[in-house]
Amino acid sequence: MEEIVIIRDVLEANNNVAHENKAIKDERNILMVNLIGSPGAGKTTFILRAIENLKVPCAVIEGDVTSDIDARKMAERNIPVVQINTGGSCHLNAGSVNKALKALSFDDGIVFIENVGNLICPSAFELGEDFKLAMANVPEGDDKPYKYPALFTKAKAVVLNKIDMLSFFEFNKKFFYDGIRALNPDAPIFEVSARTGEGFGEFAKWLEEEYHKFRQDK
Ligand SMILES: Nc1nc2c(ncn2[C@@H]2O[C@H](COP(=O)(O)OP(=O)(O)OP(=O)(O)O)[C@@H](O)[C@H]2O)c(=O)[nH]1
Ligand SMILES: [Mg+2]
């Protein structure tokens, strides 16, 4: 009988490249943050605000199915950026981030990866990041931790964006927090408005501490 070859894990090849990415970014003193949230959650606006508030130098890897709209917003502000177009895929993979890292002329700082807008697929693909940052936002509703648990379980921290919209939507903060806490009891939750800048002082302080810990641990 013919031997049957089983490809056990489609994620295995991805994970091997993710390990390589981790080595590359460690060598270059880069803390790499994988930002995951739904389409229109405010990821690009959040990254721009965060960079305004951070004392550590930053660069960005933008992930979109197509277009360079988000990358242009970074480039306009002289932020080093590489755009990945997935050509249809709903998430970034380690291979594309490997190419982006090699094309990005930036060392010694924080690289934000803006993943493709999606609450499901991106959390399954390791990119070699230091950690995932999960983004929820007020208009999309308070039930997202219950409906998309994988992301909120794996994230090191959670951002709740668009808090300037709280008075316009029925968003039950306790329900939202309970959902996160049930999955991920210790993750810090940052309430921000990328529109007004509210909450960014606290977020920047936390991320700078993470960066300094990363540099000390090396
Ligand atoms: N009211 C309010 N609007 C916001 C906030 N953050 C972002 N927006 C708006 O939300 C819309 C989407 O913002 P983006 O930053 O482009 O969202 P994104 O998650 O990068 O979107 P994709 O890359 O398409 O997935 C824009 O109209 C922003 O101006 C916020 O804190 N408050
Ligand atoms: Mg965007």
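Let's start with the ligand. By class, the shell around ligand 1 holds 4 nonpolar, 8 polar and 5 charged residues. Keep in mind that this is a predicted model. Of the 17 residues around ligand 1, the ones that come nearest are Gly 42, Thr 44, Thr 45, Gly 117 and Arg 195. And which helix gives the most to that shell? Helix α2, residues 43-53, with 3 residues.

Next, helix α4. This one covers residues 94-103. Its buried residues include Ala 94, Ser 96 and Val 97. Ala 100 and Leu 101 are buried too. An α-helix has 3.6 residues a turn, so residues three or four places apart point the same way. Now turn to the face away from the buried side of α4. There we find the exposed residues Lys 99, Lys 102 and Ala 103.

Last topic: backbone angles. Most residues other than glycine have a negative phi. Here are two with a positive one.

Take Asn 78. Its phi is positive, about 60°, and it is not a glycine. Asn 78 lies in the loop between α3 (69-76) and β3 (81-85). Is Asn 78 buried or exposed? Asn 78 counts as exposed, because it has 7 C-beta neighbours inside 10 Å.

Now Lys 162. Its phi is near 65°, again a positive value in a residue other than glycine. Lys 162 lies in the loop between β6 (157-161) and α7 (173-183). Lys 162 is buried, because 26 other C-beta atoms lie within 10 Å. The cut-off for buried is 20 or more.

Terms used:
Residues are numbered from 1 along each chain as its sequence is written. Chains are lettered from A and ligands numbered from 1 in the order in which they are written. This is a predicted model: local features need pLDDT of at least 70, side-chain atom pairs count only at pLDDT 80 or more; totals for chains, interfaces and linings use all residues. Helices (H or I, at least four residues) and strands (E, at least two) are DSSP runs, numbered from the N terminus. A residue is buried if 20 or more other C-beta atoms lie within 10 Å of its own, exposed if 12 or fewer, and partly exposed in between; C-beta atoms are placed from the backbone. A residue is near a molecule or strand if its C-beta atom, placed from the backbone, lies within 6 Å of it. Ala, Val, Leu, Ile, Met, Phe, Trp, Tyr, Cys and Pro count as nonpolar, Asp, Glu, Lys and Arg as charged, and the others, Gly among them, as polar.
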